[in-house]
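Good morning, and thank you for coming. I would like to take you through one structure, part by part. Please look at it with me.

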Amino acid sequence: MELKLVDSKSLFLSNFELMKSSSFLDTKLRFGLSGTHKLCSCRGVVLKASRSSASYDAASSVSKENFILDEFSCQINGKNCSGLYLRDVRVLDASDDEYGGILINPQTLPSNPNIFASVLRESLSHWKMKGKKGVWLKLPVEKCDLVPIAVKEGFQYHHAERGYLMMTYWLPDDPCMLPSNASHQVGVGGFVINDKNEVLVVQEKHSAPALSGLWKIPTGFILESEEIFTGIVREVKEETGIDTEFVEVMAFRHAHNVAFEKSDLFFVCLLRPLSTRIAVDDLEIQAAKWMPLVKFVEQPLIQADSMFKKVIDICIARLGKRYCGLSVHQLVSTFDGKLSSLYFNTVEDSDSNCKAN
């Protein structure tokens, strides 16, 4: 490895060889001085930055394109000498994000914990010197033994999925500006009513004791990357076997501290049935049926709960054309170029299913 040395005498150091013995102060430094081209060795070398001599188990796990200017001091024949030299920095394979942060490549992480600890520490120092901000470290399940090392270096948990743990590190001394983990879960409920004024209702196998005996509308959670209007159609089909068509979002509820201190958004959707034959999901549903709207509303648990009652009142008002919900329109935004679903009232739209005045 070639190293340039910069001091008052513009020394050039080549054939740098660092050999560790039983202690760092016993290190030998072997080099040649320009002009004389004589090799010499000395003891008592004190380097202000140490260098690891460990070999890497995966060449692709480290970027070798980074160099920093470092300082050293030593004694030669009883005389003090000092200078600067360029040394290569072992940095984890990573890319820049659009916010000035770092995304570490999880596929090329060293599998050896000791090597990972050393390179991670040096990478953080290098990225901070370059003015980077947040560092995102995604650790797959198969590399879970690296988690304690990352925690020891100052990384914090951000979120976890079935196959990985995401950790973050904020490099600047300013307050952390990284976004928090997802704060909400999204639920949906389907108000399905047929031409006979019957509502599709279910009784769940697993429910709170307070809801025992209640006939309720089919409900469930939206899956990752799933739309609200497609998610509710899927849930109704899974629980009852009934095919439906999304009409509108009638209302939504916002509640907090629902599950694991997360908030909850619950969308009540009006659906039009496309089939009539019920096929119950035996895993979740105890029973399902078409229930006359009047009897559904008269249930004591519906009448006693202001939230349930208000939702039913809204749905009945929609059937009487005294209320309009939010229909879905898919649009592309120039900000990100992606297709998005926008829900809004379309009273004046000739194609709208809403005919309220």
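Strand S13 (residues 184-192) runs parallel to strand S17 (residues 262-273), and nine bridges join the two. Two strands are said to pair if DSSP finds at least two bridges between them. Strands and helices here are DSSP runs numbered from the N terminus, with at least two residues (E) for a strand and at least four (H or I) for a helix. Within S17, Phe-266 stands opposite Gly-187. S13 also pairs with S15, in the antiparallel sense, over three bridges. There the bridge partner of Gly-187 is Phe-221 of S15. In general, strands of a sheet pair through backbone hydrogen bonds, either parallel or antiparallel.

Before I proceed, a word on the source. This is a predicted model, in which local features need pLDDT of at least 70 and side-chain atom pairs count only at pLDDT 80 or more, while totals for chains, interfaces and linings use all residues. Residues are numbered from 1 along each chain as its sequence is written, and side-chain values use heavy atoms, with hydrogens and water left out.

Let us move to the loop between strand S15 (219-221) and H3, where Ser-225 lies. Ser-225 has a phi near 65°, a positive value in a residue other than glycine. Most residues other than glycine have a negative phi. Is Ser-225 buried or exposed? Its relative accessibility is 77%, so Ser-225 counts as exposed; the term requires over 50% relative accessible area, buried means under 20%, and partly exposed lies in between (1.4 Å probe, protein chains only).

Glu-226 is found in the loop between S15 and H3 as well. Its side chain reaches the backbone nitrogen of Leu-223 at 2.8 Å. The side chain of Glu-226 also makes a polar contact of 2.6 Å with the side chain of Arg-234. A polar contact is a pair of N or O atoms within 3.5 Å; within protein, one must be able to donate a hydrogen and the other to accept it, and residues adjacent in sequence count only if both atoms are side-chain atoms.

Next come the aromatic rings. How many aromatic pairs does a search of the whole structure find? It finds four. Rings of Phe, Tyr and Trp (its six-membered ring) pair if their centres lie within 6.5 Å; planes under 30 degrees apart count as stacked, over 60 as edge-to-face and the rest as tilted. For Phe-229 and Phe-246, the ring centres are 6.1 Å apart and the planes are at 55°, so this pair is tilted. Phe-229 belongs to helix H3 (residues 228-240) and Phe-246 to strand S16 (residues 244-259), so the pair ties together parts 17 residues apart in sequence. Phe-229 is buried, at 18% relative accessible area, and Phe-246 is buried too, at 12%. Together with Tyr-343, Phe-229 and Phe-246 form one aromatic cluster.

The charged end of Lys-138 sits over the ring of Tyr-164, 4.4 Å from its centre, and that of Lys-289 sits over the ring of Trp-215, 4.3 Å from its centre. The criterion is NZ of Lys or CZ of Arg within 6 Å of the ring centre and within 35 degrees of the ring normal.
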